[in-house]
Amino acid sequence: MNKILIATDIHGSAYWAQKVADKMVELKCDTLVLLGDIYNHGPRNPLPQDYAPIKVAEIFNQFANRLIAIKGNCDSEVDGMISKFVFLQHNVLLLGKHKVFLTHGHIYSKHNLPPQLSKGDMVVYGHYHIDEITNIDGVYAVNVGSASLPNDQHHAYAVLDDKGIALFDFDGSELACQKF
């Protein structure tokens with residue numbers, strides 16, 4: 001099974017995009033998943049540290065052949081013009097007998113679970129900028145948080161493999177985990 005690094009809500013921060021790229025290399029991850037809001041800061045957010053969407057594209061384009069990008073509510077059609085990867089509405093990974101539904105979080109989240117999930121499956125998202133894992137009738141709702149603009153003071157990312165998922169801050173402290 002691949003080791004997958006998941007990050008979300010970069011919001012155009014070249015500083016935090018580089019931190020994500022560095023973790024990708026440091027942890028020897030095979031795949032990078034970005035759960036949306038990659039380049040634009042959005043009208044309700046402050047400008048993040050080192051706001052430079054073109055630089056963010058340059059950083060993530062180097063992983064294009066092993067990157068899954070989910071479209072967030074702040075991502076637009078024009079973002080595809082600077083990206084060497086495609087933005088998907090959502091994606092589903094199969095890990096053994098479990099499904100992992102990847103989405104941004106503005107449609108599907110712990111508040112509105114995707115209908116095709118069963119006990120033991122996961123929905124993994126961002127959008128709310130708060131890292132947490134919640135069990136809802138046997139389905140795990142995993143909010144990765146935000147790399148650049150956290151609402152809970154944890155600049156966070158996740159690592160997913162065939163054993164489960166763990167949330168970390170960029171200092172390497174584990175924030176939460178859920179085994180399959």
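## Pairing of strands

Two strands pair if DSSP finds at least two bridges between them. In this predicted model, strand S1 (residues 4-7) and strand S10 (residues 156-161) meet that condition, with three bridges in the antiparallel sense. Within this pair, isoleucine 6 lies opposite alanine 158 of S10.

## The chain as a whole

The chain contains two helices and 12 strands. Read from the N terminus, the order of elements is β-α-β-α-β-β-β-β-β-β-β-β-β-β.

A compact globule of 180 residues would have a radius of gyration near 16 Å, and the chain agrees with this because its own value is 15 Å. The C-alpha trace spans about 40 × 30 × 30 Å along its principal axes. Of the 180 residues, 53% are buried. The accessible surface is about 8,300 Å², and carbon and sulfur atoms account for 49% of that surface. For contacts between residues at least 6 apart in sequence, 53% link residues at least 24 apart.

## The seven-stranded sheet

Seven strands make an open sheet with mixed pairing, in the order S4-S3-S2-S1-S10-S11-S12. Strand S4 (87-88) and strand S12 (174-179) are the edge strands, each pairing on one side only. Helix H1 packs on this sheet and touches S1, S2 and S10. The direction of H1 makes about 165° with that of S1.

Strand S1 also pairs with strand S2 (residues 31-34), in the parallel sense and over four bridges. Here leucine 5 faces leucine 32 of S2 as its opposite residue. Together, S1, helix H1 (residues 14-26) and S2 form a β-α-β unit that is right-handed. S1 is covered on both faces: Ile4 and Ile6 are buried on one side, and Leu5 and Ala7 are buried on the other.

Further along the sheet, strand S11 (residues 164-169) pairs with S12 in the antiparallel sense, over five bridges. One of the residues involved is phenylalanine 168, whose bridge partner in S12 is glutamate 174.

## The five-stranded sheet

Another open sheet has five strands in the order S5-S6-S7-S9-S8, again with mixed pairing. Strand S5 (91-95) and strand S8 (131-136) are at the edges; each has a single partner strand, so one side of each has no neighbour in the sheet. On average, neighbouring strands here are turned by 20° against each other, direction ignored.

Inside this sheet, strand S7 (residues 122-125) and strand S9 (residues 139-144) are joined by four bridges in the parallel sense. Methionine 122 is placed opposite tyrosine 140 of S9.

## Helix H2 and asparagine 61

The buried residues of helix H2 are Val56, Ala57, Ile59, Phe60 and Asn61. An α-helix has 3.6 residues a turn, so residues three or four places apart point the same way. The cover over the buried residues of H2 includes H1, S2 and strand S3 (67-70).

Is asparagine 61 buried or exposed? Asparagine 61 belongs to H2 (residues 53-61). Its relative accessible area is 14%, and buried means under 20%. Asparagine 61 is therefore buried. Apart from neighbours within four places in sequence, asparagine 61 has contacts with Ile82, Ser83, Lys84 and Phe85.

Conventions. Residues numbered from 1 in each chain as written. Predicted model: local features only at pLDDT ≥ 70, side-chain atom pairs only at ≥ 80, totals over all residues. Heavy atoms only, no water. Buried < 20%, exposed > 50% of the residue type's maximum accessible area, 1.4 Å probe, protein only. Contact = heavy atoms within 4.5 Å. Axes fitted to C-alpha atoms, helices over the stretch in contact; angles between N-to-C directions. Right-handed = clockwise from strand over helix to strand, strands pointing away. Rg over C-alpha atoms; globule rule 2.2 N^0.38 Å. Areas by Shrake-Rupley, 256 points an atom, 1.4 Å probe, with all protein chains shown as cover.
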